[in-house]
Amino acid sequence: MPFKHSPDPRLGAAAHPGGSAPSEWVRRFAALLPEGARVLDLAAGGGRHARWLAGRGCKVMAVDRDAAALATMQGVAGVETRVLDLEGPDWPLGGQQFDAVVVANYLYRPRFAELFELVRPGGLLIYETFMLGNERFGKPSNPDFLLRPCELLACLPEGWSVVAFEQGEVGRPAMIQRLCASRSAVPGRLPSLI
Ligand SMILES: C[S@@+](CC[C@H](N)C(=O)[O-])C[C@H]1O[C@@H](n2cnc3c(N)ncnc32)[C@H](O)[C@@H]1O
């Protein structure tokens, strides 16, 4: 049965332009994760990625402030949910690390440093969200929620390697930026192109 939840109102109707299907970017790079990998789905919403990742053998922690959205994942094998405010004065995920962190359609710049720390050495960050220029197409249009050109690349800390990066217009239409990076100075494996 398809799941439903209320998308982030600040993103408007474009919040989930791909519907409940997992992003192809996330799917492509999740292929690098071994069975049993511990993955954090940050600002998971209704869990389109958490569900898909759990379905391929990952142990997923899905976090969001929206308890109702997380509740739709109750009973999904391999998914643990936690209702957290990721933008409050206290960072609720301090000291935790994961084999991979997935962020889709969410941006909160003041916690970028903490976000990178969530990835264990050798682990992966898979990120996809809207960028400047998206305001031509609708929401999100607030620059606070839109990446600047190459911003994900520019804020990558030392000791990380870019696995893949792209930005531009996609057919929804929307302006999107995508990064996959590993917390390793040495480039590692690439997934297949298809
Ligand atoms: C557009 S949805 C994206 C959901 C999911 N990542 C996806 O791509 O399907 C943005 C999510 O960010 C969550 N969010 C916004 N502000 C938050 C906050 N301060 N703390 C935790 N989650 C937040 C919303 O509740 C919403 O589920």
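Are Phe-112 and Phe-116 buried or exposed? Both Phe-112 and Phe-116 are buried, where buried means under 20% relative accessible area, exposed means over 50%, and partly exposed covers what lies in between, using a 1.4 Å probe and protein chains only.

## Before you start

This is a predicted model, in which local features need pLDDT of at least 70 and side-chain atom pairs count only at pLDDT 80 or more, while totals for chains, interfaces and linings use all residues. Residues are numbered from 1 along each chain as its sequence is written, and side-chain values use heavy atoms, with hydrogens and water left out.

## The chain as a whole

The chain has five helices and seven strands. Both kinds of element are DSSP runs numbered from the N terminus: helices are H or I runs of at least four residues, and strands are E runs of at least two. Read from the N terminus, their order is α-β-α-β-α-β-β-α-β-α-β-β.

Of the chain's 194 residues, 47% count as buried. Contact means heavy atoms within 4.5 Å. Among contacts between residues at least 6 apart in sequence, 55% join residues at least 24 apart. The accessible surface comes to about 9,300 Å², and 54% of that belongs to carbon and sulfur atoms; such areas come from the Shrake-Rupley method with a 1.4 Å probe, and for residues only the protein chains shown count as cover.

## An aromatic cluster

Back to our opening pair. Phe-112 and Phe-116 both sit in helix α4 (residues 112-117), four residues apart, which is about one turn of the helix. An α-helix has 3.6 residues a turn, so residues three or four places apart point the same way.

Searching the whole structure turns up three aromatic pairs. The ring centres of Phe-112 and Phe-116 are 6.3 Å apart and their planes meet at 55 degrees, so this pair is tilted. For such pairs, rings of Phe, Tyr and Trp (its six-membered ring) must have centres within 6.5 Å; planes under 30 degrees apart are stacked, those over 60 are edge-to-face, and the rest are tilted. Together with Trp-160, Phe-112 and Phe-116 form one aromatic cluster.

## The cavity

The structure holds one cavity of 30 Å³ or more, and the largest cavity contains about 70 Å³ of space. On a 1 Å grid over the protein atoms alone, a cavity is a set of points where a 1.4 Å probe fits but cannot get out, and lining residues have an atom within 4 Å of a point. Grid points are joined across faces, edges and corners, and the volume is the space filled by probe spheres set on the points.

By class, the lining has nine nonpolar, no polar and one charged residues. Here Ala, Val, Leu, Ile, Met, Phe, Trp, Tyr, Cys and Pro count as nonpolar, Asp, Glu, Lys and Arg as charged, and the others, Gly among them, as polar.

## Around helix α2

In helix α2 (residues 48-55), the buried residues are Arg-48, His-49, Ala-50, Leu-53 and Ala-54. The buried residues of α2 pack against α1 (24-30), β1 (38-42), β2 (59-64), β3 (79-83) and β4 (98-104). Just after α2, Gly-57 has a positive phi of about 100 degrees.

Asp-41 counts as buried because its relative accessibility is 2%. Leaving out residues up to four places away in sequence, Asp-41 touches His-49 and Ala-50, among others. Asp-41 and Met-61 are 20 residues apart in sequence, with their C-alpha atoms 6.1 Å apart in space.

One joins Lys-139 and Pro-140, with omega about -5 degrees, and Pro-140 is in the loop between β5 (119-130) and α5 (151-154). Another joins Arg-172 and Pro-173, also with omega about -5 degrees, and Pro-173 is in the loop between β6 (161-170) and β7 (174-182).

Finally, look at Arg-28 in helix α1. Its C-alpha atom and that of Pro-191 are separated by 6.8 Å, although these residues are 163 residues apart along the chain. Not counting residues up to four places away in sequence, Arg-28 touches Pro-191, Ser-192 and Leu-193.

Technical notes:
1 Å grid on protein atoms, 1.4 Å probe; cavity = no way out; pocket = protein on both sides within 12 Å on 5 of 7 lines; lining within 4 Å.
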